[in-house]
Amino acid sequence: GLREANEKLYALNFRAWMPETLVASRTEDIVAFAHQMGGQVVIKPLSGAGGDSVFLLSPADRNHRAIIETVTENGKRVAMVQKYLPEVVQGDKRILLLDGDPLGAIWRIPRSDDVRSNIHVGGSVTHADVTPQELEMIKEMRPKLKADGLYFVGLDVIGGKLTEVNETSPTGIQQMSRLSGHNLSAKVVEWLCRKTAS
């Protein structure tokens, strides 16, 4: 599962739950998509993690073409471009799944001077609950995740929209454990021991 799934592209298996999304490398395609989305989109490389090279892109910014060229390496690398979700200022929800079931959730809230909410770039963390709508999304995702051998993943949700499925870097368990008062890492290890013993 880790070999086959890309952090960004795998979410496209659940496109109905995602914001409007384009995967492209051509500058003109990305600029046109940004205009269609009302002028603001988020662009990120497919291989990045932790907020690396994630930009808020606006055609009104005179640097927008340079940003696209940087992220796509002048059209040689494909990028994911998504409609900007203004709800991100209230937080990007990280939901950890273990064997297809929610383990916990946190809000990652961006700094006032940054569009990224990743913890290591300064995002603050508070407890979050998993909503009934998110439980319905997880229910739909569960069979595919399990069939692909993706047992421990982190879902990124902004304004009820799925933006990423993190397989190689499903961070946040330390913060969830601290905020919930439960050792969630121990649950993962116990599950793994049962899985390997069976």
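This is a predicted model: local features need pLDDT of at least 70, side-chain atom pairs count only at pLDDT 80 or more; totals for chains, interfaces and linings use all residues.
Let's start with the overall layout. The chain has five helices and nine strands. If you read off the elements starting at the N terminus, you get β-α-β-β-α-β-β-β-β-α-β-β-α-α. The C-alpha trace spans about 55 × 35 × 25 Å along its principal axes.

A few more totals while we're here. Of the 198 residues, 45% count as buried. Take the contacts between residues at least 6 apart in sequence: 62% of them join residues at least 24 apart. As for the surface, the chain exposes about 10000 Å², with carbon and sulfur atoms supplying 51% of that.

Now, the inside. The largest nonpolar core has 20 residues, and the ones touching the most other members are Met 141, Leu 145, Leu 155, Leu 162 and Val 165. Which elements give two or more residues to this core? Those are strand S5 (92–98), H3, S8 and strand S9 (161–166). H3 has the largest share, with four residues.

Leaving aside residues up to four places away in sequence, Val 165 touches Glu 7, Tyr 10, Ala 11, Met 141, Leu 145, Val 153, Gly 154 and Leu 155. There's also a second, separate core, this one of 14 residues, and its members include Phe 33, Ala 34, Met 37 and Val 71.

That brings me to helix H1, residues 27–36. Its buried residues are Thr 27, Ile 30, Val 31, Phe 33 and Ala 34. Look down the axis of H1 and those buried residues fall within an arc of 160°, so they line one face of the helix. On the other side of H1 you'll find His 35 and Gln 36, both exposed. And what covers the buried residues of H1? The cover includes strands S1 (21–24), S2 (41–45), S3 (55–57) and S4 (79–83), plus helix H2 (64–72). Just after H1, have a look at Gly 38, which takes a positive phi of about 95°.

Back to H3 briefly, for Glu 136, which sits in that helix. Glu 136 has a relative accessible area of 38%, so partly exposed.

Last topic, the aromatics. There are two aromatic pairs in the structure. In one of them, the ring centres of Tyr 10 and Phe 14 are 5.8 Å apart with the planes at 65°, so that's edge-to-face. Both of those residues, Tyr 10 and Phe 14, are buried. Then there's Tyr 151 with Trp 191, a tilted pair at 5.4 Å centre to centre and 45° between the planes. This pair links distant parts of the chain, 40 residues apart: Tyr 151 is in the loop between helix H3 (132–147) and strand S8 (152–158), and Trp 191 is in helix H5 (184–197). Buried or exposed, where does Trp 191 fall? Trp 191 counts as buried, at 13% relative accessibility, while Tyr 151 is partly exposed, at 24%.

Definitions and conventions
Residues are numbered from 1 along each chain as its sequence is written. Side-chain values use heavy atoms; hydrogens and water are left out. Rings of Phe, Tyr and Trp (its six-membered ring) pair if their centres lie within 6.5 Å; planes under 30 degrees apart count as stacked, over 60 as edge-to-face and the rest as tilted. Buried means under 20% relative accessible area, exposed over 50%, partly exposed in between (1.4 Å probe, protein chains only). The arc is that of the directions from the helix axis to the C-beta atoms. Contact means heavy atoms within 4.5 Å. Accessible areas come from the Shrake-Rupley method with a 1.4 Å probe; for residues, only the protein chains shown count as cover. A nonpolar core is a set of buried Ala, Val, Leu, Ile, Met, Phe, Trp, Tyr and Cys residues joined through side-chain atoms within 4.5 Å.
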